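Work through the exercises below with the structure in view. Each task is followed by a solution in steps.

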Amino acid sequence: MLDVARIRKDFPVLERTVRGGQPLVYLDSGATSQKPTSVLDAERHFYENANAGVHRGAHALAEEATDAYESARSRIAGFVGARSEDIVFTKNATEALNLAAYAFSNATALAQHEAAGIDPRFVLRPGDSVVVTEMEHHANLVPWQEACRKTGATLRWLPLTDDGRLDLRAVDDVIDRTTKVVSVVHQSNILGTINPVRLIMDRARQVGAIGVVDACQSIPHMPVSVGELGADLVAWSGHKMLGPTGIGMLWGSAEILDAMPPFLTGGSMIEMVRMEGSTFAAPPQKFEAGTPMVAQAVGLAAAVDYLEAVGMEEIREHEHGLTAYALHALSQVPGVRVIGPQDAVDRGSAISFVVAGLHPHDVGQVLDSRGVAVRVGHHCAWPTCRRFDVPATTRISPYLYNDESDIDAAVDGIRAAQAFFGTGAQHAAPGLS
Amino acid sequence: MYQEIILDHYKHPRGAGVLDRPLGEAHHVNPTCGDEVTVQIGLDPSGGLLIGYLGQGCSISQASASVMAEALTGRTPADAWPIREAFLELMHGRGTVEPDEEILGDGVAFAGVAKYPARVKCALLAWMALQDAAIKAGLAGAGPEDTISEDAQADGGDEEGRAAP
């Protein structure tokens, strides 16, 4: 059992009030998590004591800054059971996934002119296929659409069942010998579904395809050891796991990172530069062009320390309980339909729903007027909304600092929205005018 | 923010539907929430505006389309565009613009919406589509057209509904 009251004390923003002095009920951690004081202190301490350029400079601060950056990488790697040198820092998870997709379109372009040194696994040609699912965040869909557009490869996707899970019967048909890359979300940001990625990655391996996992919504919420996912590459972000914005991660097996062409190029990522051409540093530096996000890495390492102190298994258990509680509470409200798995089995805490006769924007507005912060819209998963024939949804996404009273506040707000739009139209409800 | 007038237009949209012979049409999408509206523009025999619209979305975006149709239908373009300008000014005012009911009619009910930046786009969706439709129909008029089309771009969307993701 998590001591939520004690945890909440570590998050200053949760103390504040909104919309006329009401306590903030923050249920939008799927968008971004709040930050504990220890993360903010770590960033501040770094800037006040050790700020300097990393990996260069012959002075004490430069040395300490480099140590801080690389020690952060090592703690973040340890958090997901990885080796430090297999973790690439990016600006966010979207950039990490683009890095992966550009490895393919860049290798394809390079292969037109120079055969030597280009790994054929990354070369896409007409007739090749790229596989995603119908529940991807745009960040794990649009980069692959673009890679296909540039190379003539075909995008395929694993379809969904009506209860918001992958239709696994299609795996062997959709992923076949033409498939060069399979990129799949671990936990859906809109449906909450936790996918059996190991099974899908094993199939990818079987046909010789590179396997990629988007772990943005899983790594913050459950223990994840990236090596056990069976993937070649795993992308996730820092800001959804109590860390700062401006830092994302791409884990790759050493062999794959070595074989991939670079994404962004410039300073810090080179081995040797001449006017005629350049050679590149070993991973992860090969993928970290320009001044990196040092303070963010330091802050994220503090977030990792915080999460480990609380315990990822405990966080998973806590959220599992909240998910079951919320699903039950929502099922008691007539007119509410959960989009995604209806039970808490293989399901994370992000819960999307629609309310009959009410647009999600209006539900969100009424909740906001009561201090309850949720996300409304298509959640950057527009095709998933289309699959379930809804223009948008309202989503609650709790985290370790939420408890059942927060779920109750959301459910009360839904009932208030129904009362307001359903029967209370002739009089503006208090606080809504 | 949810004035009675807004809820009334939401539940009983005025003039919704398509025109027989539109002179121009535009489809706009709010890419953050997926709300969409198609606005058509035409002229009646006496030179008054005809406005048709179809859409789906939140109460603010749908009520705004209804208010727009009611306020502008039958007016000449020269009479109608100042009303549109006044509505845009109100919505971009972050709650500091005092609305003039003489000009805006039921549009004054949206004064509260202007305090919620996330919802301003909802309220402007149909009005931006109308401007695009008017340009296509050659009815956008002289003068403020340049500034208006700049607004339309800033608020995203084009005729195919493709907009920034």
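**Exercise 1. Find how far apart the two domain centres of chain A lie, and describe the contact between the domains**.

Step 1. Taken over C-alpha atoms, the centres of domain 1 and domain 2 of chain A are separated by 29 Å.

Step 2. Domain 1 covers 4–30 + 312–422 and domain 2 covers 42–307 of chain A; such bounds come from an automatic or database domain assignment.

Step 3. Domain 1 of chain A gives 25 residues to the contact and domain 2 of chain A gives 22 residues. Two residues are in contact if their C-beta atoms, placed from the backbone, lie within 7 Å.

Step 4. On the side of domain 1 that touches domain 2, at least two residues each come from α10 (312–331), β14 (351–355), α12 and β17 (393–396) of chain A. The largest share of this side of domain 1, five residues, is supplied by α10(A). Helices (H or I, at least four residues) and strands (E, at least two) are DSSP runs, numbered from the N terminus.

Step 5. By residue type, this side of domain 1 that touches domain 2 of chain A has nine nonpolar, nine polar and seven charged residues. Ala, Val, Leu, Ile, Met, Phe, Trp, Tyr, Cys and Pro count as nonpolar, Asp, Glu, Lys and Arg as charged, and the others, Gly among them, as polar.

A note on the basis: this is a predicted model, in which local features need pLDDT of at least 70, side-chain atom pairs count only at pLDDT 80 or more, and totals for chains, interfaces and linings use all residues. Residues are numbered from 1 along each chain as its sequence is written, while chains are lettered from A and ligands numbered from 1 in the order in which they are written.

**Exercise 2. State which elements of chain A touch chain B**.

Step 1. The contact takes 17 residues from chain A and 16 residues from chain B.

Step 2. On the side of chain A, two or more residues come from each of α11 (360–369), β16 (375–377) and α12 (382–387).

Step 3. The residues on this side of chain A that touches chain B are nine nonpolar, seven polar and one charged.

**Exercise 3. Describe how strands β2 and β3 of chain B pair**.

Step 1. β2 (residues 36–43) and β3 (residues 49–56) of chain B run antiparallel over eight bridges; strands pair if DSSP finds at least two bridges between them.

Step 2. Opposite B:I41 stands B:I51 in β3(B).

Step 3. Five residues lie between the strands of this hairpin of β2(B) and β3(B), and B:G47 there takes a positive phi near 90°.
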